Amino acid sequence: MKAVILAGGFGTRLRPLTSNTPKPMAPVMNTPMLEHIINLLKKHNLTDITMMLYFQPEVITGYFGDGADFGVKINYLVSDRDLGTAGCITMAKEHLQDDQFLVISGDVFTNFNLTEAVGFHKKNQAVGTIVLTKATDPLRYGIVITEKDGRVKKLLEKPSWGEVFSDTINTGIYVFSPDVFKYIPAETDYDFSKQLFPDLLDKKQKLYGFTGEGYWKDIGTLAEYRSVHEDILNGDIECDIKGERKGKIGRDVWTGKDCRISPKARLKDSVVIGNNVTIEEGAEISNSVIGDNCYIDSGAKIVRSILWKDNVIEKEVDIKEAVVGNSNKIRWRAYIGVGAVISDNCFIGKESIIKPEVKLWPKKTVDDFSVVSSSLIYGERWSNRLFDIYGITSMANTELTPEIGAKIGAAYASTMKKGSYILISRDYHRTSFMLERAIMSGILSAGVNIHDFRIAPISVTKYVAKSLKVTGGLHIRKSPYDEKMIDIKFFDADGLDISLGQEKSIENSFFREEYRRADSESVGTIAYPPRALEYYRDGFMNCVDTDRIKKRRFRIIIDYSYSAALNIFPSILGELNCEVIALNAYNDEKKLTRKQEKFQEDLEKLAGMVRTLKADAGVMIDAGAQKIFLVDDGGTVLQDDDGLMVMTALFLAKNRGGVIAVPVNVTEAVESLAKGLGGSVMRVGTSYRAMMTAANSKKANFVAEEKGGYIFADFMPAFDSMMSTAKFLEFLADYGKPLSTMVASMPKYIKISDSVPVPWDKRGFVMGELVALKDNKIDEEIEGIQFRDEGSRVLLIPDNDRPVFHIYVEAKTKQAAKALLEKYKKFLHKFVEKV
């Protein structure tokens with residue numbers, strides 16, 4: 001007699017374990033489910049087997065071949081589409097039409113007496129026989145009600161408790177006569193339970209139910225997958241287990257070939273160990289299954305868990321009631337919680353915590369000391385930090401989902417007093433809107449109120465924060481640099497980026513899930529601040545010499561970059577009596593992100609238009625309305641340090657004796673420029689927080705950074721492209737000459753830069769080596785390590801968010817600069833290799 005195994009399912013409910021493995025090939029006691037089924041069929045002389053395949057068929061055919069090694073004959077049929085449980089067997093009609101045949105699902109684990117089921121079927125001369133079993137929770141399955149002789153009377157798919165007139169359920173095992181093919185349309189999506197069996201009942205055909213005795217489990221979910229292992233380890237069902245059984249008092253252990261198990265390892269209760277496994281001294285394993293080629297280091301503790309093959313478990317790792325797939329590395333002292341599932345090729349950092357029921361899809365990386373509280377599906381990494389140097393930046397709706405947004409909101413609000421106010425704004429992208437709502441729900445749940453500023457540039461939001469007396473605020477935007485990313489910018493009551501201490505408090509609340517929950521009468525409220533834009537506009541106009549600009553009657557070209565400044569700035573420029581040619585001056589959420597190549601292309605277009613239209617200047621506003629990029633009247637693009645130098649000269653030409661602040665990586669030519677104009681320069685760190693603090697403390701009147709950001713301390717301590725543009729026009733009007741004249745007078749300098757990869761775990765050592773290279777003379781360092789080398793300057797700064805070091809070199813000639821750059825790159829490579 002022949003048998004058919006339905007082995008084409010996707011295994012959706014077993015994911016992420018089945019992301020790379022067909023469900024029937026998932027191991028049970030280190031043996032694929034399918035192999036257990038084949039052993040059962042062989043035991044009952046069902047050795048002519050047809051396998052129906054669909055998903056990843058090559059994995060199954062590669063393992064079983066023609067079946068000879070397993071004592072059976074296997075024929076494979078692969079469908080190019082999903083034909084359903086009944087439709088797919090029509091592909092084997094010619095092979096099956098000469099005798100009765102048995103069909104069994106490829107994801108069941110059972111010891112039923114199939115010989116008795118076949119005999120029952122033949123005795124009743126049935127078209128079909130459904131093998132049944134009694135279940136304590138029949139609601140999960142299709143219920144089959146039979147007459148006393150076993151003939152099927154009624155079928156109930158997903159009944160309510162009021163319809164549960166029987167506890168017998170369909171097991172996914174069937175016996176058919178060849179006549180069944182008369183009732184199944186050929187190669188059509190057709191299902192046994194939903195279509196074939198109801199049709200047989202309607203047509204009064206002989207459909208019987210045989211109640212099997214023994215163990216049966218549908219391994220359709222992760223819970224059932226763990227459960228079948230527990231049942232086997234507890235002795236509730238006999239199972240063929242590969243390896244040598246070594247029973248001792250207090251434990252029942254099976255071991256495979258070439259294992260190395262320390263005599264001081266503690267194996268408790270039932271433990272199944274595959275081939276080529278190493279278990280070190282002090283490791284403790286109980287009621288667990290360990291796959292082939294695993295390494296378990298000393299002090300590791302594995303309880304009621306299932307490990308597939310090729311895993312490395314380092315010292316003192318604690319795994320409780322979890323499933324670990326193939327080829328994972330779990331670093332020392334990591335904890336894997338109850339019900340967690342780690343798929344294939346994941347890296348779990350040291351002392352990380354994977355919380356209960358969390359699932360990691362394949363190829364995920366969890367940073368050291370992280371707490372993973374939700375499943376990681378689409379993103380590649382779970383960081384132990386929420387914040388990078390610019391705030392929170394993550395993949396929109398994959399890493400940064402509405403669920404995560406609500407948690408971030410709750411974590412942020414939990415660091416504040418109940419009844420406090422938070423100011424929120426966003427750009428006009430639909431993802432920003434979605435996340436804003438999610439974050440707001442988390443904030444409200446912690447008993448904190450919200451001023452919703454809706455769509456507004458972050459600079460405007462920061463300005464009105466003081467007037468509203470909020471405790472803090474945040475702005476959500478589509479990243480201007482990466483179309484897949486979303487940014488969340490946090491600021492304090494003064495409009496400054498929040499401190500590292502505040503970031504850490506939010507991170508602690510988030511990762512520990514220590515959120516304050518307000519009672520129903522204390523949930524926060526949402527208000528919409530009145531006259532906020534008017535407040536910004538009034539402050540803006542009071543800070544600008546409008547008469548000076550009006551008299552100059554500028555013709556300027558402005559590229560708005562589709563930014564939210566469009567809602568405010570055109571009316572301001574109108575009052576300044578400027579003739580404005582506007583580019584990209586409309587809302588388009590698909591264009592908020594601009595790649596570097598497109599950015600440079602648009603700058604060159606702006607420069608060309610300035611030349612063609614004989615404009616006084618061109619200004620490009622960035623999509624976040626924080627920075628500006630200048631073009632002079634001759635069409636010269638002023639980028640990086642060039643733009644900074646020109647803005648510094650314009651500022652000091654009007655504000656003699658002023659103090660400007662610039663980051664440490666800016667050219668030293670700015671010092672000589674400032675000195676010649678009666679000003680002075682203070683150096684600050686490269687973070688936005690450092691620059692804003694310099695302005696907020698009033699130590700500097702003007703702050704400039706080489707990426708187009710400018711801060712005017714008498715207005716507010718934050719970047720604002722609209723104020724930067726207005727001040728640029730004011731200074732240029734006061735200068736009284738074409739901008740190109742000032743550009744031509746700028747001091748010359750030679751500055752180049754590059755980056756060198758330095759792994760995270762080596763940067764501390766590398767910094768130590770650099771300090772030693774300076775003979776520990778670092779008293780004057782602000783950020784990074786600076787070297788003076790033959791009249792030149794070399795600055796090395798480790799990146800805060802990426803595993804690289806940045807090298808900035810300034811020298812008298814290009815040749816000298818290149819030589820120094822290569823010299824210090826070699827130093828870094830040498831230090832990295834020493835570790």
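1. Ground rules. Residues are numbered from 1 along each chain as its sequence is written. In this predicted model, local features need pLDDT of at least 70 and side-chain atom pairs count only at pLDDT 80 or more, while totals for chains, interfaces and linings use all residues, and side-chain values use heavy atoms, with hydrogens and water left out.

2. Helix α6. This helix covers residues 192–202, and its buried residues are F192, S193, L196, F197, D199 and L200 (buried: under 20% relative accessible area, 1.4 Å probe, protein chains only). Helices here are DSSP runs of H or I with at least four residues, strands are runs of E with at least two, and both are numbered from the N terminus. Just after α6, K204 has a positive phi of about 60°.

3. The four-stranded sheet. Have a look at the open, mixed sheet with the order β47-β46-β48-β49 (strands pair if DSSP finds at least two bridges between them). β47 (680–684) and β49 (710–712) each have a single partner strand, so one side of each lacks a neighbour in the sheet. Within the sheet, β46 (residues 659–663) and β48 (residues 702–704) run parallel, joined by two bridges, and I660 sits opposite F702.

4. N326. This residue lies in the loop between β25 (323–324) and β26 (329–330). N326 counts as buried because its relative accessibility is 14%. A polar atom of its side chain is 3.1 Å from the backbone nitrogen of K309.

Definitions and conventions
Buried < 20%, exposed > 50% of the residue type's maximum accessible area, 1.4 Å probe, protein only. Polar contact = N/O pair within 3.5 Å; in protein donor to acceptor, adjacent residues only side chain to side chain.
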